[in-house]
Amino acid sequence: MIAPDFLVFNTNGLYCRAGDFYLDPQQPVQRAVISHAHADHAVSGNQQVWCTRPTAAFMEHRYKKNAASTFHIKSYREQFTINGVIIYFLPAGHILGSAQIMLQHNGIRYLYTGDFKLQPDDTCEPAAFEPADVLITETTFADPQTSHPDVAQEMQKLNQHSHNILLGAYSLGKSQRLVSLLNTHCPQRQVLVHHSILPLHKLYESLGYPPGQYQPYNRKLMKEPGRGYVYLVPPVTFNSYFKAKSVMRIFASGWEHLQKQNDMALYLSDHADWNDILKAITEVSPKEVWTLHGDGRFLQQHFNSRLTIKIL
Ligand SMILES: [Zn+2]
Ligand SMILES: [Zn+2]
């Protein structure tokens, strides 16, 4: 029988009572199973952390000695047990090392997606699903109005001009994906990378996922007008260059509100859109769907009474 309180939110985050551990806790805890290294899923100061090797590497880069007391590094599909709950990771396709977390208890399978996407991405392992009784999914873009555009077409918009581009993006995941996409779709453009992003590129390289050709940012290069450079910067730097002249300001994101006030929109998301969430539900074929991170109401309306959708 599905335990309705198998996963519950408390002040520290999403808690598994049967195994006395947390999934992506928001506060440091004794036992944390962490889906991926984005800061809203991976906090510092946990005692024991179970995660993939890239997730541990990114957390150590960001948090240094406070990353965790002990890391238990697991490959995808490698089973482990915490207090009787059998656990393994499946690729989530979101960033390098991102994992869905399969939890089995009393013969019931609960699959927590973490953040996931289905769009192809050369800089991480493609998402893989397995059947489960309960699917616990993010609903960041779970709205029938949301459909991410074709990636190649979006990237080719950058070829319509030869201006230098200031390209804002999140440092971990999006930046590496962008280098790979720029290499593929805008081969005549040279990619310059902000110094704060370079160590993450190096980590991707050392973990076997080189993002592609790029060079460290050099002020002189960027001052040459019309050479078609793309200068990849994190959001803080992007926002501080608000009055930059003679460059096009573009921010790569799936969010419409982050496209406003820029010189061109570039829709590139690392989250599933509406159709991708429906596809994931079909593949997992759950008896119940529990939703978090976003709005589960559209799924409730869509499935009506054909499938139990519970908003956590
Ligand atoms: Zn994420
Ligand atoms: Zn997230």
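This is a predicted model: local features need pLDDT of at least 70, side-chain atom pairs count only at pLDDT 80 or more; totals for chains, interfaces and linings use all residues.
## Helix α3 and what covers it

In helix α3, the buried residues are K174, S175, Q176, R177, L178, V179, S180, L181 and L182. Here "buried" means that 20 or more other C-beta atoms lie within 10 Å of a residue's own, while 12 or fewer makes it exposed and anything in between partly exposed, with C-beta atoms placed from the backbone. That makes nine of the twelve residues of α3 buried, so the helix is mostly covered. Helices (H or I, at least four residues) and strands (E, at least two) are DSSP runs, numbered from the N terminus.

What does the covering? The cover over the buried residues of α3 includes α2 (151–156), β12 (164–168), β13 (190–193), α4 (198–206), β15 and β16 (247–253).

Residues are numbered from 1 along each chain as its sequence is written, and chains are lettered from A and ligands numbered from 1 in the order in which they are written.

The pLDDT is the predictor's confidence in each residue, from 0 to 100. The protein averages 95, and 99% of the residues score at least 70. Confidence is lowest in α5, at a mean of 80, and highest in strand β8 (residues 85–91), at 99.

Where they touch, 16 residues come from domain 1 and 13 residues from domain 2. Contact means that two C-beta atoms, placed from the backbone, lie within 7 Å.

The largest nonpolar core has 81 residues, and Y110, L167, V230, Y231 and L232 have the most contacts inside it. A nonpolar core is a set of buried Ala, Val, Leu, Ile, Met, Phe, Trp, Tyr and Cys residues joined through C-beta atoms within 7 Å. Take L167: leaving aside neighbours within four places in sequence, L167 is in contact with L178, V230, Y231, L232, I250 and A252.

## Some residues to look up

M222 sits in helix α5 (residues 219–223). With 18 other C-beta atoms within 10 Å, M222 is partly exposed. Beyond four places in sequence, M222 is in contact with N164, L192, Y229 and Y231.

G254 and D270 are 16 residues apart along the chain, and their C-alpha atoms are separated by 7.5 Å.

Finally, K64 has a positive phi of about 50° although it is not a glycine. K64 lies in the loop between α1 (53–63) and β6 (68–73), and counts as exposed with 9 C-beta neighbours inside 10 Å. N83 has a positive phi of about 45° and is not a glycine either. N83 is exposed, with 12 other C-beta atoms within 10 Å.
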